[in-house]
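Dear colleague,

I am handing over a structure that you have not worked with before, and below I set out what was found in it. Please read the notes with the model open beside you.

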Amino acid sequence: MEIIEKAPERIMVVTPHPDDAEGGCGATMAKWVKEYQTQIVVVLCTNGDKGTGDRSISPDVLASIREVEQQNASDLLGVQNVVFLRHPDGGLENDQEFRRELVKEIRRYRPQIIFCIDPYRSTTHTHRDHRMSGQTALDAACSYAWSSSQFPEHLEIEGLEPHKVEQAFLWGSEYPDVFIDVEGYLDVKAQSLSAHVSQMVSSTHEERLERIRNRTGDQGKLVGLKHAESFRRINFNLNFPNRIFTL
Ligand SMILES: [Zn+2]
């Protein structure tokens, strides 16, 4: 278990639906932008067009509402760039096309750390898009984005060089091992969730803030912090000769 005391210059947050990233790492994003001037790109994989029980809203209308909500939420946290891939909600596959899209954004924004949902759980189940986005983000980061022979058109047509992501931080993990002190950033996290107005119909902002306080309090207790967001870290072992994978 480790408390992360510094921040990288650039990160990418791969999120399946609008509002997942804010719940997973919203306070960390706000803190790193404010205290370390970290450059953050959020890649929103689906348009969230199935995210309602209200049959009077068409999927197209909902998708456009949620795109605005995602931009508003990201603006609140200080995120500089949001990329909308606009896959249909529930339609993600870990296939060549989705990998190509994520690799291209990795090569464009060149993050040192990629944040995504932990796709590997043993005792709990998650939404299929959560698993697919997490797994594809990891595959794209290591090792597709590294290899010049994967998607060579990115270099040939757009001048995007291969890029090595150093680490992945996975949120929603059953076994978190890195923690970030987010004291002072709980309210902005709650605000960024509240910005997803179409999704936040069953609770008030205050109830949301209270849940965040409890959750980050529980995580913080594990390492002696008052409030923490936690992640499982995967080190892609760039500098170790005994790395277990090959390009
Ligand atoms: Zn989701």
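Two terms are needed from the start: contact means heavy atoms within 4.5 Å, while helices (H or I, at least four residues) and strands (E, at least two) are DSSP runs, numbered from the N terminus. As for the source, this is a predicted model, in which local features need pLDDT of at least 70 and side-chain atom pairs count only at pLDDT 80 or more, whereas totals for chains, interfaces and linings use all residues. Residues are numbered from 1 along each chain as its sequence is written, and side-chain values use heavy atoms, with hydrogens and water left out.

Helix α3

The elements that cover the buried residues of α3 include β2 (10-15), β3 (39-46), β4 (81-87), β5 (113-117), α4 (128-141) and α5 (153-158). Here buried means under 20% relative accessible area, exposed means over 50%, and partly exposed is in between (1.4 Å probe, protein chains only). The buried residues of α3 are F98, R99, L102, V103, E105, I106 and R107. The expected span of a helix is 1.5 Å times one less than its number of residues; helix α3 (residues 96-109) has 14 residues and should therefore span 20 Å, which agrees with the 20 Å between its end C-alpha atoms.

Within this helix, V103 counts as buried because its relative accessibility is 0%. Leaving aside neighbours within four places in sequence, V103 is in contact with A140, Y144, A145, F151 and H154. By contrast, the C-alpha atoms of V103 and H196, which are 93 residues apart along the chain, are separated by 27 Å.

Just after α3, R110 takes a positive phi of about 55°. P111 lies in the loop between α3 and β5 and, at 1% relative accessibility, counts as buried. Apart from neighbours within four places in sequence, P111 is in contact with R10, I11, M12, I106, H163, K164 and V165.

D19 is placed in the loop between β2 and α1, where its phi is near 95°, a positive value in a residue other than glycine. With a relative accessible area of 16%, D19 is buried.

Aromatic rings

Rings of Phe, Tyr and Trp (its six-membered ring) pair if their centres lie within 6.5 Å; planes under 30 degrees apart count as stacked, over 60 as edge-to-face and the rest as tilted. The structure holds five aromatic pairs. In one of them, the rings of Y144 and F151 have centres 6.1 Å apart and planes at 25°, so the pair is stacked. Y144 is partly exposed at 22% relative accessibility, whereas F151 is buried, with a relative accessible area of 5%.

The rings of F169 and F231 have their centres 5.8 Å apart and their planes at 35°, so this pair is tilted. The pair links distant parts of the chain, with F169 in strand β6 (residues 167-171) and F231 in strand β8 (residues 228-235), 62 residues apart. Both F169 and F231 are buried, and together with W32 and F115 they form one aromatic cluster.

Backbone details

The peptide bond from C142 to S143 is cis, with omega near 25°, and S143 is placed in the loop between α4 and α5. In strand β4, R86 has a positive phi of about 60° although it is not a glycine.
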